[in-house]
Amino acid sequence: MNGSEIFGAWIAVFLTLGIFSYLYKDNPFYKISEHVFVGVSAGYWMAMAFWTQVQPNLFGRLWPTPEGEISGFLMRAWYGIYDFFGFILPSVFPDGGIDKGHGHDPHFMYILPFALGIMMLLSVSSKLSWLARLGIAYTVGMAAGLRAYAFLNSNVLGQIKGSAVSFVDMPFFSLTGVSVFNNLIILVGTITGLLYFYFSKEHSGTFGKVTRVGIYFLMISFGASFGFAVMGRISLLIGRFTDLITYGGPTYSYASIWLILLMIVLLAVWTFKGDKKVAS
Amino acid sequence: MDKFLDWIVRAGSLDRRYIFLVIALVVVLPLFFPIGLPIRPTNSSQDVYNAVEKLEAGDKALVSFEYGPSTKPEIHPMAVALLRHLFEKDVKVYITCLWPDGQFMAMEALELVAERQYNKVYGEDYVLLGYRPGAEAVIKGLVSNIRKVFTVDSQGNFLDDIPMMVGVNQVADFDYLFSASAGYPGTVEWVQYAADPTGVTMSTGTTSIQVNEVMPYVQSGQIVGILGGMPGAAEYESLIGQAGIGTSGMDAQSVAHLVIVGFIIFGNISFFVERRRSKKY
């Protein structure tokens, strides 16, 4: 086990205990852990997106490594822009173009997403922020178009197809598997659940009774969601405790034990000082 | 009797920090002293197992890692178990990541299973294509042409230089698809943009909280089986006969569930007793 791994374990234990310490009450350890988490997540996500998408797939397509000498005025001017960028940021725009296997000719089509991306960044400027709307409009429009078909196909047609089953060769009752009884429950639950969200008619009389059945189905569904949520949280807790136990061993210089003790003492001092301040 | 009811009402308004402490204890103790509660696979876990069992040596499986350290305890054990099953059957494994940290989860799982346990060869038996941002746009791209999304793998090798990428151009070229998902983008997007349009058999492993959202796709047959959270992983481990992290956590999980159910029942009793008393006076 090398020093950096042990140091990493100590950091992991500190941050885990820092977050857990919120269960006692809001305190400086929790604040440190929370801010580190948010900052590191944002930085990490941005670095990954830039180096795996923007640099290779956008700049790599706009300025690929040319095959042989660059000829023609336009191409020389185009790669002149690249050289200028390269002068400012040589790690992003290395000498001689970006070789990511996209071929050797620039894909000028990618100027459009590049421009839209820059427009979105202009939202920080009060005078030019209106340009950001173009980028956002494109993204929203593209996403809506992309999703419309997929939702219709998978969530509407696929679900209708899946629900329209034949009762032939199906047992009437089965506790866990496919059965006539279970399908009838799905049918009743779907219809009454949908009717509950029909607000053009007052929920009274027979219609009210039917929608009340829908509420029961929704409540059972929410109950199941709650149960699964608890199960998930306990699994995550087990994961953290497993790591704390591992890091509490001699391999990691008893990181968990030392840090738990240190945190308890410091929290006690902090609470005691706080109480004294309130009293005075 | 009144004293007992008084105690119930008082205990109902117990400081929640004591409850946290009890939960912590019931989770930690079984980790130190395992009970060995039995694990019975559910139908949905069995369906995932059966789908993988149908694959033959040399078949191609696309496995997507869509989770990170925050959901590792739930998803990682099932990803490891699934990889073990796939490599055991000599299926060729292609890995993509729709989450940036999914790549590191995949690297960790591959090191453990492909390299250390099965001595598989990179580029011939498995390949880690890596992470691409873009969510459903990436899946759409993979469905039409993998090389438009990935020109190089996670190690910077050109796809055309990787032996097992020969003849693999789109999602339809795969025999099996598995999404190890902790949210968006994940299972739902794979169903909508890849499995449904191409008809490739797809299974999934999700966090517990996602099970309700994904279950309709399983019921309708759009997804073949689902592994739900840590219990799903433990069930899969028992099916392949290789106990792992999922199995070791199940004692703590089961005991914690029992205690939480106990708290819920007790809290309700306390609530009803208090309400009856306030109505009385």
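My notes below go through a sheet and some helices.

**Entry 1.** Before anything else, I wrote down that this is a predicted model.

**Entry 2.** I went to the sheet in chain B. I found that it is open, with six strands in the order E3-E2-E1-E4-E5-E6 and parallel pairing. Which strands stand at the edges? They are E3 (126-131) and E6 (226-228) of chain B; each has a single partner strand, so one side of each is left without a neighbour in the sheet.

**Entry 3.** I zoomed in on one pair. E4 (residues 176-181) and E5 (residues 202-206) of chain B run parallel, joined by five bridges. Here I spotted Ser181(B) opposite Thr206(B) of E5(B).

**Entry 4.** What lies across E5 and E6 of chain B? I got helix H9 (residues 211-219) of chain B, which runs at about 165 degrees to E6(B).

**Entry 5.** I checked the length of helix H10 (residues 229-240) of chain B. At 1.5 Å a residue, its 12 residues should span 16 Å, and the end C-alpha atoms are 17 Å apart, which agrees.

**Entry 6.** Is H10(B) mostly covered or mostly uncovered? Mostly covered, I noted, since 10 of its 12 residues are buried. Among them are Met230(B), Pro231(B) and Tyr236(B). I then looked for what the buried residues pack against, and the list includes helix H7 (205-247) of chain A as well as E5, E6 and helix H11 (245-280) of chain B.

**Entry 7.** Last stop: just after H10(B), I found Gly241(B) with a positive phi of about 75 degrees.

Key: Residues are numbered from 1 along each chain as its sequence is written. Chains are lettered from A and ligands numbered from 1 in the order in which they are written. This is a predicted model: local features need pLDDT of at least 70, side-chain atom pairs count only at pLDDT 80 or more; totals for chains, interfaces and linings use all residues. Two strands pair if DSSP finds at least two bridges between them. Helices (H or I, at least four residues) and strands (E, at least two) are DSSP runs, numbered from the N terminus. Two residues are in contact if their C-beta atoms, placed from the backbone, lie within 7 Å. Axes are lines fitted to C-alpha atoms, for helices over the stretch in contact, and angles run from 0 to 180 degrees between N-to-C directions. The expected span of a helix is 1.5 Å times one less than its number of residues. A residue is buried if 20 or more other C-beta atoms lie within 10 Å of its own, exposed if 12 or fewer, and partly exposed in between; C-beta atoms are placed from the backbone.
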